[in-house]
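Subject: Structure for your files

Hello,

Here is the structure we talked about handing over. Please open it alongside the notes below.

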Amino acid sequence: MPAAEPEPSAGPLPAGPLPAGPASDGIAVERVTKTYGSGPAASTALAGIDLEVPAGRWVTLIGPSGCGKSTLLRIVSGLLEPDSGSVSIFGRSPREASAGKQIAYVPQSPALLPWRTAVGNVRLPLQVNRRARPQDRQTPRGHDTARATALLEDVGLGDSLHKYPSELSGGMQQRVAIARAFALEAPVLVMDEPFSALDELTREGLRHQLLELWARHRATVLFVTHSVAEAVTLSDTVVVMSPHPGRVAGVVPVNLGRPRPEGIEDTPAFHETEAAIRLLLRGRQ
Amino acid sequence: MSWLRPSRWLPALVAFALLVLIWKLLADHDRYLLPQPGATASQLWNYPGLYLRNARSTLVEALIGLGIGFGGAFLISVVMSQISLVERALLPLAVALNVTPVVAVAPALVVAFGFGRTPKVIVTAVIVFFPALINSLVGLRSADPEVLDVLRSLNANRSEVLWWVRLPSALPYLFAAARVCLPLSVVGAVVAEFVTPGSSAGLGTLITEASANSALDRVYAAIICLAVLGVVLTILITVIERRVLAWQPSRRRT
Ligand SMILES: Nc1ncnc2c1ncn2[C@@H]1O[C@H](COP(=O)(O)OP(=O)(O)OP(=O)(O)O)[C@@H](O)[C@H]1O
Ligand SMILES: [Mg+2]
């Protein structure tokens, strides 16, 4: 069971009436297919994916390169249309959800604006598309800066508020990107291998920072990683995918409780879950 | 303040002295090849008003032409980057314009617009147009696709993407274009003055007249003025670039 109660300020429900029932709760992906190209050059990236992320939970996708993880994330974020099937984000389509600024998307690279300082980058999602959310329209702009500053302090960048990305290390840049995602206070957080460019030590530190932030903001998370340990440390559920074409090979629940302390990687329960995931990953290769 | 150290300016000074020495030797060897450096210097010393007045008029033509050509190219590139139909319509025309030697059109422009400033400004604007257009187009397209994804996931509209991402991404390219276009604009103005012999002002005009009178010292005094003009403009753009692009890693280290 996830421990903390959802905070009222980050309530997962978007404004407006929602269809009742469990179908509108969290992220639901049903029979989604996607093929790139056409004719003999066509390659099927996703062949009927079913997936559920209950509200307030953390689900991680793991699988070999090319199994369609990024494709699925782009579809869920409304950046790509599926060929068939449906995606529901709290009862809305991904496009509607992104129009309402309900999705925070974190790409593989930090994707910061090099001409903006750390604070400027974290403020960006609040400055863009201000008409979408009433809370953005009403808050004075100075408030954006205050929130950005607080988030950067949370991820340990209080000394680098006014530095440009080129003055920050890769790990620091990625922390700015994470602060930027949380600044939005979106009910849904979609992250595509945000730590893949970092060394193992940096990654381990960032995992726990990310968990702490998440414990406070309680978004519904769809996460991608290549690291089994990372998947287990972070998630409530791990979805293992297999390639050619992209399918769900199996679902592994992570019964570790929360909050998760730094030493959790060394417990037997952790290793058991890791082993279950490895088995699924191996089985389909 | 590293310019105060002799190791910074001494090599350049030595090279300059050598250049003047070779100039002097060549002038001694054949007085129709080059004027005496001393005679050229005294031209500048004795008639500063003449050179300043003509330099000013060339500079004004160059800068107006640059402003129109560069500004026009920038605006058109923004429209092209937003509406691909416009790009498909105008880019071939721009390429054709680029391979046409504008200098060849200059005499016709004089027939059309007389001996005033207009034909010179037009030649200058046309010469700088293409490099400005291409650089600006490439710059507007240089935005990081993952940054564009982040903006798209927030449902940012086109003008927000343009303002927050594409225009700032284009800035380094615009400065690169300015470095090319500034000297080019002076070339444009001078060449246009060459083909308008009746006009009264400009370093190009001064050069044509002095050459006709075999007054090589005046020709070279005017050329030195043009060189100084180019150097000053380039330094200016470099200073502005350093301030505006302070966030660029390569700029800060130098
Ligand atoms: N824009 C595209 N055009 C054509 N094919 C694509 C495109 N994007 C992805 N693909 C193909 O779709 C398949 C899935 O790609 P995707 O990027 O979703 O995989 P992934 O699981 O994210 O891989 P990785 O772990 O390496 O990031 C791959 O075979 C890839 O070649
Ligand atoms: Mg990927």
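This is a predicted model: local features need pLDDT of at least 70, side-chain atom pairs count only at pLDDT 80 or more; totals for chains, interfaces and linings use all residues.

Overall build of chain A

Chain A contains nine helices and nine strands. Of the 285 residues in chain A, 45% are buried. Taking the contacts in chain A between residues at least 6 apart in sequence, 73% of them link residues at least 24 apart.

Domains

Chain A splits into domain 1 (23–102 + 188–285) and domain 2 (114–185). The C-alpha centres of domain 1 and domain 2 of chain A are 25 Å apart. Where the two domains of chain A touch, 14 residues of domain 1 meet 16 residues of domain 2. On the domain 1 side of this contact, helix α7 (residues 200–217) of chain A gives the largest share, six residues. That side of domain 1 of chain A consists of nine nonpolar, four polar and one charged residues.

The six-stranded sheet

Six strands of chain A make an open sheet with mixed pairing, in the order β5-β6-β7-β3-β8-β9. Its edges are β5 (103–106) and β9 (247–253) of chain A, each of which pairs on one side only. On average, neighbouring strands in this sheet are turned by 15° against each other, direction ignored.

Within the sheet, β6 (residues 188–192) and β7 (residues 220–224) of chain A pair in the parallel sense, over five bridges. In this part of the structure A:L189 sits opposite A:V221, which belongs to β7(A). Helix α9 (residues 268–283) of chain A packs on the sheet and touches β3 (58–62), β8 (237–242) and β9 of chain A. The direction of α9(A) makes about 170° with that of β9(A).

Backbone points to check

Most residues other than glycine have a negative phi, and most peptide bonds are trans. The following places depart from that pattern.

- A:H244 and A:P245 are joined by a cis peptide bond, with omega about -10°. A:P245 is in the loop between β8 and β9 of chain A.
- A:H244 lies in that loop between β8 and β9 of chain A, and has a positive phi near 50° without being a glycine. A:H244 has 14 other C-beta atoms within 10 Å, so it is partly exposed.
- A:R258 and A:P259 are also linked by a cis peptide bond, with omega near -5°. A:P259 is placed in the loop between β9 and α9 of chain A.
- A:E185 is not a glycine, yet has a positive phi of about 50°. A:E185 is in the loop between α6 (170–183) and β6 of chain A. With 21 other C-beta atoms within 10 Å, A:E185 counts as buried, because the cut-off for that class is 20 or more.

A:T44

What does A:T44 touch, not counting residues up to four places away in sequence? The partners are A:T35 and A:P245; A:P245 also takes part in the cis bond with A:H244. A:T44 itself belongs to strand β2 (residues 43–53) of chain A. It is partly exposed, as 17 other C-beta atoms lie within 10 Å. A:C67 is 23 residues away from A:T44 along the chain, and the C-alpha atoms of the two are separated by 9.6 Å.

Contact between the chains

The contact between chains A and B takes 20 residues from chain A and 17 residues from chain B. On the chain B side, the elements that give two or more residues are α7 (145–153) and α8 (158–194) of chain B. The largest share comes from α7(B), with seven residues. By class, the chain B side has 10 nonpolar, two polar and five charged residues.

Regards

Conventions. Residues are numbered from 1 along each chain as its sequence is written. Chains are lettered from A and ligands numbered from 1 in the order in which they are written. Helices (H or I, at least four residues) and strands (E, at least two) are DSSP runs, numbered from the N terminus. A residue is buried if 20 or more other C-beta atoms lie within 10 Å of its own, exposed if 12 or fewer, and partly exposed in between; C-beta atoms are placed from the backbone. Two residues are in contact if their C-beta atoms, placed from the backbone, lie within 7 Å. Ala, Val, Leu, Ile, Met, Phe, Trp, Tyr, Cys and Pro count as nonpolar, Asp, Glu, Lys and Arg as charged, and the others, Gly among them, as polar. Domain bounds come from an automatic or database domain assignment. Two strands pair if DSSP finds at least two bridges between them. Axes are lines fitted to C-alpha atoms, for helices over the stretch in contact, and angles run from 0 to 180 degrees between N-to-C directions.
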